[in-house]
Amino acid sequence: MTLASAIQQITRSLPAPVVQLGESILGDECYAVLVKDATFLDPPPYPVALAPCAKLALSKVIGLGIVFASSIIKLPQIAKLVSSRSAAGVSVAGTGLECLSYLGLLAYAVRAGFPFSTYGEQAFLWVQDVVVLVLLLVYSGQSVVAFGVVPAVLAAAYYLVVAVPGPSLAVLATLQAATIPLSLASKVPQIVTIFTNKSTGQLSAVSVFAYLAGSVARVFTTVQEVDDQIVLAGVVLGALLNGVLVVQMIMYWGAGPVEKDKKEK
């Protein structure tokens, strides 16, 4: 018995729960091609479905990786805010708009029935953004506003994502389209803040670089799995703006804010 046939014998006798999980992720055909029959182990010619199934599998792996990474991506930013007890250099307006943008993307993806691997990070990023927003408000002297934000955003999230009946898909599609300019608006205040201060302040470099990597990977998974040009336009725009933030992070690495009297001169 060859190694290939031995492996195929194992993959064809996997427990039912494992098979069901694989089929739910890859679909029946691609699961059969890549796992059950492991056709890539056979000598060529390979089945026509092997190439597209391989791309799909890669997309799923990247997508789930993005979701996992996004569950912790803003923790360095949160830790930096808590340790410094300062909101310097981080835009409150930009964070608030980003929070709204993530909620709109999440609501549309859930209601439209997209695969979790293509949008799961939106949920984790939204939760972390709410935490960052509250910290920014507290450390900028707006504690009353901060503790009013939490019930408001939770109520909005419940209605848009969970409630039955909730908003129609047509309404959510409009909201999804609105997230494109909203995404632009969420990044611009931060970009302007950094440019004005000539410093990145309490902005976390780890989070910024991770954001760029994740957004570029998300473009690939969106092309592979989501047939929606509005969604694609949104993720491409997000990747470009994250690229601008990375360039600024490199330009002003280690620089302190420009003093007021120097700016006046």
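Colleague: Does Arg12 count as buried, partly exposed or exposed, and what is its relative accessibility?

Modeller: This is a predicted model. Arg12 has 48% relative accessibility, so Arg12 counts as partly exposed.

Colleague: Which residue forms a salt bridge with Arg12?

Modeller: Start with the general idea. Side chains of opposite charge can pair when their charged atoms come close. Here, Arg12 pairs with Asp37, and the closest N and O atoms are 3.3 Å apart. The two residues sit in distant parts of the chain, 25 residues apart. Arg12 is in the loop between α1 and α2, while Asp37 is in the loop between α3 and α4. Asp37 is partly exposed too, at 26% relative accessible area.

Colleague: How many salt bridges does the structure hold?

Modeller: Five. One of them joins Glu225 and Lys60, with 2.8 Å between the closest N and O atoms. Glu225 belongs to helix α10 and Lys60 to helix α4, so this pair ties together parts 165 residues apart in sequence.

Colleague: Are Glu225 and Lys60 buried or exposed?

Modeller: Both are buried. Asp129 and Lys74 are buried as well, and they form a salt bridge with closest N and O atoms 3.1 Å apart. Asp129 lies in helix α7 and Lys74 in the loop between α4 and α5, so parts 55 residues apart in sequence are tied together. Shared partners then join Lys74, Glu98 and Asp129 into one network.

Colleague: What is the volume of the largest pocket?

Modeller: About 510 Å³. The pocket is lined by 33 residues, with Tyr102, Glu121, Gln122, Arg218 and Val235 closest to its centre. The lining divides into 15 nonpolar, 14 polar and four charged residues.

Colleague: Which helices each supply at least two residues of the pocket lining?

Modeller: They are α4, α6, α7, α9, α10 and α11.

Notes
Residues are numbered from 1 along each chain as its sequence is written. This is a predicted model: local features need pLDDT of at least 70, side-chain atom pairs count only at pLDDT 80 or more; totals for chains, interfaces and linings use all residues. Side-chain values use heavy atoms; hydrogens and water are left out. On a 1 Å grid over the protein atoms alone, a cavity is a set of points where a 1.4 Å probe fits but cannot get out, and a pocket is an open set with protein on both sides within 12 Å along at least five of seven lines; lining residues have an atom within 4 Å of a point. Grid points are joined across faces, edges and corners, and a volume is the space filled by probe spheres set on the points. Helices (H or I, at least four residues) and strands (E, at least two) are DSSP runs, numbered from the N terminus. Ala, Val, Leu, Ile, Met, Phe, Trp, Tyr, Cys and Pro count as nonpolar, Asp, Glu, Lys and Arg as charged, and the others, Gly among them, as polar. A salt bridge is a side-chain nitrogen of Lys or Arg within 4 Å of a carboxyl oxygen of Asp or Glu. Buried means under 20% relative accessible area, exposed over 50%, partly exposed in between (1.4 Å probe, protein chains only).
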